[in-house]
Amino acid sequence: MNNSSPVVEGLLMIHRIISKGLNNSIWKCDAYMANHGIPRDEKEGFVMYVTTLKWVTHSHHTTEDELGFPYFMDHIDAPYDRLKQDHLTMAQVLEKLDKNLTDIASGSLVALRDTLGEFRDLWGPHIKIEEENFSFDRINRIFDQKEQKKLAKMFSEHSSKNSGPGPLALPFMLNNLEKADREAFMTEIPWVVTKILMPVVWKKKWEPMEPFFL
Ligand SMILES: [Fe+2]
Ligand SMILES: [Fe+2]
């Protein structure tokens, strides 16, 4: 069976981005708690990083709910109701994250850390179900390469509409990937974005997140 699949590769890549963003947020939160709080010069970047994680997750779930699942449903047997319910549960957790981020102004990180933990507990089993059900073998058995390329493009265009401001979401996504993944992702983005907008025009906007690209 062919082991390349634009649809599955796209799914695994966005899962890796969100997993990395979530792990980095938890790791940083723990470090701040052990060191009596967030240094003043990291606060803006930390809030921006966690908020962008929230937007990127929201947009990935919206694309699955509105495009991916309805498209797969006719061809692949999977626990769609469970997956959709997980998205609803995680949406509540993401809303709570927003509130927790406003509370860190008063110096408390405990609630934020709890919510990030809750998010990770839901996220791990959720992506495991998706990756097992939407595997290379299953997807390649149903959709040919041409159709998958079309689908992958449709999914990424749909996602970019809901992932918050582009000047934050794109640097967040690219910098939470390992080198090989990042290079593959960059080939999908117009050069003007990767060579001019991101490194020059948008730089001031996303720069506060730089310490969190670990
Ligand atoms: Fe999902
Ligand atoms: Fe997913």
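**Reading helix packing and the core**

Author: Let's start with a pair: helix α3 (residues 80–103) and α4 pack at an angle of about 160°, their axes lying 9 Å apart. This is a predicted model, where local features need pLDDT of at least 70 and side-chain atom pairs count only at pLDDT 80 or more, while totals for chains, interfaces and linings use all residues. Residues are numbered from 1 along each chain as its sequence is written, and chains are lettered from A and ligands numbered from 1 in the order in which they are written.

Reader: How are two packed helices described?

Author: By the angle between their axes and the distance between the axes. Axes are lines fitted to C-alpha atoms, for helices over the stretch in contact, and angles run from 0 to 180 degrees between N-to-C directions. Helices themselves are DSSP runs (H or I, at least four residues), numbered from the N terminus.

Reader: Is α3 roughly parallel or antiparallel to α4?

Author: The 160° angle makes α3 roughly antiparallel to α4. Angles under 35 degrees count as roughly parallel, over 145 as roughly antiparallel, 65 to 115 as roughly perpendicular and the rest as oblique.

Reader: Which residues make the contact?

Author: Two residues are in contact if their C-beta atoms, placed from the backbone, lie within 7 Å. On α3 they include Leu83, Met90, Val93 and Leu97, and on α4 they include Leu112, Phe119, Leu122 and Ile129. By class, there are ten nonpolar, four polar and six charged residues. Ala, Val, Leu, Ile, Met, Phe, Trp, Tyr, Cys and Pro count as nonpolar, Asp, Glu, Lys and Arg as charged, and the others, Gly among them, as polar.

Reader: What about α1 and helix α6?

Author: α1 and α6 (residues 145–162) pack at about 30°, with axes 8 Å apart. That makes α1 roughly parallel to α6. Pro6, Val7 and Gly10 of α1 meet α6 residues including Leu151, Ala152 and Phe155.

Reader: How many residues has the largest nonpolar core?

Author: A nonpolar core is a set of buried Ala, Val, Leu, Ile, Met, Phe, Trp, Tyr and Cys residues joined through C-beta atoms within 7 Å. Buried takes 20 or more other C-beta atoms within 10 Å, exposed 12 or fewer, and partly exposed is in between. Here the largest core has 31 residues, and Ile18, Tyr49, Leu53 and Val56 have the most contacts inside it. α1 gives the most, with eight residues. Beyond its neighbours within four places in sequence, Leu53 touches Ile18, Gly21, Leu22 and Ser25.

Reader: And where is Glu207 found?

Author: Glu207 sits in the segment after α10 (203–206). Glu207 is partly exposed, with 13 other C-beta atoms within 10 Å.

Terms used: Helices (H or I, at least four residues) and strands (E, at least two) are DSSP runs, numbered from the N terminus.
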